[in-house]
Amino acid sequence: MNCTHFETLVQDLARECLAEETVNAQAVEHAASCPGCARRLAAEKALTAIFRHAASEKEDAPPRIEAALISSFRERREGSSQGVAWWFMSWRPSPLSVRVALLLVGILLSAVYIQVRHFAGQTGTRSAIQSTPGPQAGVLQATVKESAADRGVSQAPPTPTAAHMDASPSKNRRQPSDAQMNAAQPEVATDFIALTSAAELSSMESGQLVRVMLPRSSMASFGLPFNQELREKPVAAQVLIGQDGVARAIRFLQDPDVRFVQIGMQSKR
Amino acid sequence: MDPRQMALDDAADLELLKRISDGEEAAFVTLYRRWQGIVYRCALRISGTTPIAEDVTQEVFLALMNGASRFDPGRGSFASYVHGMTRNHVMRRITRERIFAPFLDDGEMSGSDSGNLLRRTPDPLGDLTHKESVESLHQAIMTLPLRYREVVVWCELEELSYAEAALVIGCPEGTVRSRLHRARSLLLAKLRDRTSEDAPVPKIGPARCLS
């Protein structure tokens, strides 16, 4: 055995946990013949002796911890008989669990809000169609299937531009973009105008609203006034088509750009 | 420890746990008194602070109280279970409160240091009385890096075997052995420095070994 090998064994030798007796004997023999390794072993043995002395020292937790734990144990035992109520009272949420819970509540509220808006949009459209006055009101009460693009259509006020006159922007307020305004504000439309006879309209059970672009001059053929300055610009309209594919009614939608011009606001476009 | 005695102790602890889960206060008190010293002492030696040791003791026994039925004897002894819980709670607290002992460079205790130690005095610890030496030892342990400190606590102060300590720490047995070797070398150097501060160490010629 040399000093390097002895160094690998000196710890276990000093701790008296060398498993093999022959190796143990060789190490002791080496230490006896080598002064350096003998000193190394002596130092390690001295350290082990101090460790043993330190290990024999007993140190107990303060008595108040035992008292506190026993008190907790009694509370738990009494609480467990009360069932779920005790669990809620004794539950101490961690900061992470609180954050996760808040996030889940937020997601849940958002989902509910989106559902409610979606439902309100559908109901609003349906009621707008059903409540549209005119000679064909009976027809329009029929179930109307709408395309996805038409879901934003809402109740048509009698004077479309007047509804937007109140929307004068404040200078101190951040001005929303056109897209935002278009998305936020409902479309303004005229009343439905019948294209067929009353008999055909009354026999209609369901139909489909189709959005089309028409020349602005076509408004005149229905007796509606239109802005001559914008006669080149087409106008949006919704046509109610029956199951047989025949157009039964039409209404004109106000162009957002036109609305801006009419109420004197500056359009970004 | 005698394996038979260990098995008997484990059976007794298991019985106590069963009675605790049935709500028997006396069983909890018995279990607490059996283990509180070990839990408190380990937490104190690793963390170095009394408040952490007290908190950890409380947390470990609260966990035992609330999850008495969670202990699975098939996965290890109850002693390992308690040691592991204690270690986890202490480490969590130390990490949370950023109480770290100053880390030493790996090169601090080089071979030359060992040579100096061997050259100094045959018994560098002999000048200290037992009480002083234990006190010095505890102070020196607290200056060790955490990974060495905990190995010293488990293997030397709690007298666990390498295998048991490896189970508690969650590392291979060889790692425990090498960490302990390094920790002991560091401690010897530190204790030698303490004794040499008071009295000049006589110069001894370089050790020579030809065998």
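In chain A of this predicted model, the axes of helix H2 (residues 21–33) and helix H3 (residues 35–56) approach within 5 Å and cross at roughly 120 degrees. Helices (H or I, at least four residues) and strands (E, at least two) are DSSP runs, numbered from the N terminus; axes are lines fitted to C-alpha atoms, for helices over the stretch in contact, with angles from 0 to 180 degrees between N-to-C directions. On the H2(A) side, His30(A), Ala31(A) and Ala32(A) make the contact, and they meet Cys37(A), Ala38(A) and Leu41(A) of H3(A). Two residues are in contact if their C-beta atoms, placed from the backbone, lie within 7 Å. By class, five of these residues are nonpolar, one is polar and none is charged, where Ala, Val, Leu, Ile, Met, Phe, Trp, Tyr, Cys and Pro count as nonpolar, Asp, Glu, Lys and Arg as charged, and the others, Gly among them, as polar.

Residues are numbered from 1 along each chain as its sequence is written, while chains are lettered from A and ligands numbered from 1 in the order in which they are written. Because the model is predicted, local features need pLDDT of at least 70 and side-chain atom pairs count only at pLDDT 80 or more, whereas totals for chains, interfaces and linings use all residues.

Chain A holds twelve helices and five strands. Strand S5 (residues 247–253) of chain A is mostly covered, with five of its seven residues buried. S5(A) runs antiparallel to strand S4 (residues 235–242) of chain A, to which six bridges join it; strands pair if DSSP finds at least two bridges between them. Within this pair, Ile241(A) stands opposite Ala247(A). Four residues lie between the strands of the S4(A)–S5(A) hairpin, where Gly245(A) takes a positive phi near 90 degrees. S5(A) also pairs with strand S2 (residues 193–194) of chain A, in the antiparallel sense over two bridges, and here Ala194(A) faces Ala249(A).

Turning to the cores, the largest nonpolar one has 61 residues, and Ala43(B), Val151(B), Val152(B) and Ala165(B) have the most contacts inside it. Such a core is a set of buried Ala, Val, Leu, Ile, Met, Phe, Trp, Tyr and Cys residues joined through C-beta atoms within 7 Å. H2(B) gives the largest share of this core, ten residues. A second, separate core of ten residues includes Phe6(A), Val10(A), Ala27(A) and Cys37(A). Leaving aside residues up to four places away in sequence, Ala43(B) touches Ile52(B), Ala53(B), Val56(B), Thr57(B), Thr86(B) and Val90(B). Ile52(B), Ala53(B), Val56(B) and Thr57(B) are among the buried residues of H3(B), and Thr86(B) and Val90(B) are among those of helix H4 (residues 78–97) of chain B.

Finally, the two chains meet through 40 residues of chain B and 37 residues of chain A. The side of chain B that touches chain A draws its largest share, nine residues, from H2(B). By class, this side of chain B has 21 nonpolar, eleven polar and eight charged residues.

Methods
A residue is buried if 20 or more other C-beta atoms lie within 10 Å of its own, exposed if 12 or fewer, and partly exposed in between; C-beta atoms are placed from the backbone.
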